[in-house]
Amino acid sequence: MTPKRRALIMLMPVALAACAGVTPPETATMPSNYLLGAGDPTRGAVFAASGTFARPGQLQGRPAAAARALANMEYITVALPQDQLMSIRLDGMTELQLLAARREWRAALGIAEAAPAQGVIDGLLAAEAALSANEPGRAGAALSTPAFTAGPEATLGRLAALPPLPQTARAAEMARLSLDRQIEVPRSVSSLGRHR
């Protein structure tokens, strides 16, 4: 087979996907200094989100913490299924739960359903930084994008009084369990070591 023919064959799936209107999977990143010491942003976001949503009452009256927690969930929803190590242990139910949970928290906060995750993450983290610095005007400006359909004042009010988000709490827990399965030493291996 000639190199030209081989190259054409290799490009066929890409061309077919383009013709079929298949869009590439959504991607998102976190700031490089985010959750330092967590090992990587995906694990850090999973642990932070599951810990936060296990006790959702701690977010009441704390809009900066709520913004950070929801940014973590936005990131997890996009990044977890694409993480090469995590996706090995990630089951379809966790992915579905994350997507259902995203509809729940976006509806509660007033985020457009079709808004790209990266814009939502950037807005929430910028709002968190501004609120932590006691700069509500800058926080409102961070939330003044088409992604946040309720408007900056209403969004800040919703962050300060986040309603119960049971699907979100469940999705955060399922993501943590997936992470636990990924790092867990197989029982068969550990039991072999004990019986020697």
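1. Contact here means heavy atoms within 4.5 Å. With that in hand, residues 24 or more positions apart account for 72% of the chain's contacts that have a separation of 6 or more. Please keep in mind as you read that this is a predicted model.

2. A quick orientation to the fold: the chain has 9 helices and 0 strands, so running from the N terminus its elements read α-α-α-α-α-α-α-α-α. Of the 196 residues, 39% are buried. The chain exposes about 11000 Å², and carbon and sulfur atoms supply 61% of that area.

3. I would look next at the pair α3 and α7. Two packed helices are described by the angle between their axes and the distance between the axes. For helix α3 (residues 63–79) and helix α7 (residues 152–160), the axes come within 7 Å and cross at roughly 90°. Since angles of 65 to 115 degrees count as roughly perpendicular, α3 is roughly perpendicular to α7.

4. Which residues make this meeting? From α3 come Pro 63, Ala 66, Ala 67 and Leu 70, and they meet Leu 156, Leu 159 and Ala 160 in α7. Sorted by class, the contact of α3 with α7 has 7 nonpolar residues, no polar and no charged ones.

5. Now for α7 itself, where the buried residues are Thr 155, Leu 156 and Leu 159. These cover an arc of only 100° around the axis, so they lie on the same side of α7. As a reminder, an α-helix has 3.6 residues a turn, so residues three or four places apart point the same way.

6. Finally, the partners: the buried residues of α7 pack against α3, α4 (92–109), α5 (117–132) and α6 (136–142).

Key. Residues are numbered from 1 along each chain as its sequence is written. This is a predicted model: local features need pLDDT of at least 70, side-chain atom pairs count only at pLDDT 80 or more; totals for chains, interfaces and linings use all residues. Side-chain values use heavy atoms; hydrogens and water are left out. Axes are lines fitted to C-alpha atoms, for helices over the stretch in contact, and angles run from 0 to 180 degrees between N-to-C directions. Helices (H or I, at least four residues) and strands (E, at least two) are DSSP runs, numbered from the N terminus. Angles under 35 degrees count as roughly parallel, over 145 as roughly antiparallel, 65 to 115 as roughly perpendicular and the rest as oblique. Ala, Val, Leu, Ile, Met, Phe, Trp, Tyr, Cys and Pro count as nonpolar, Asp, Glu, Lys and Arg as charged, and the others, Gly among them, as polar. Buried means under 20% relative accessible area, exposed over 50%, partly exposed in between (1.4 Å probe, protein chains only). The arc is that of the directions from the helix axis to the C-beta atoms. Accessible areas come from the Shrake-Rupley method with a 1.4 Å probe; for residues, only the protein chains shown count as cover.
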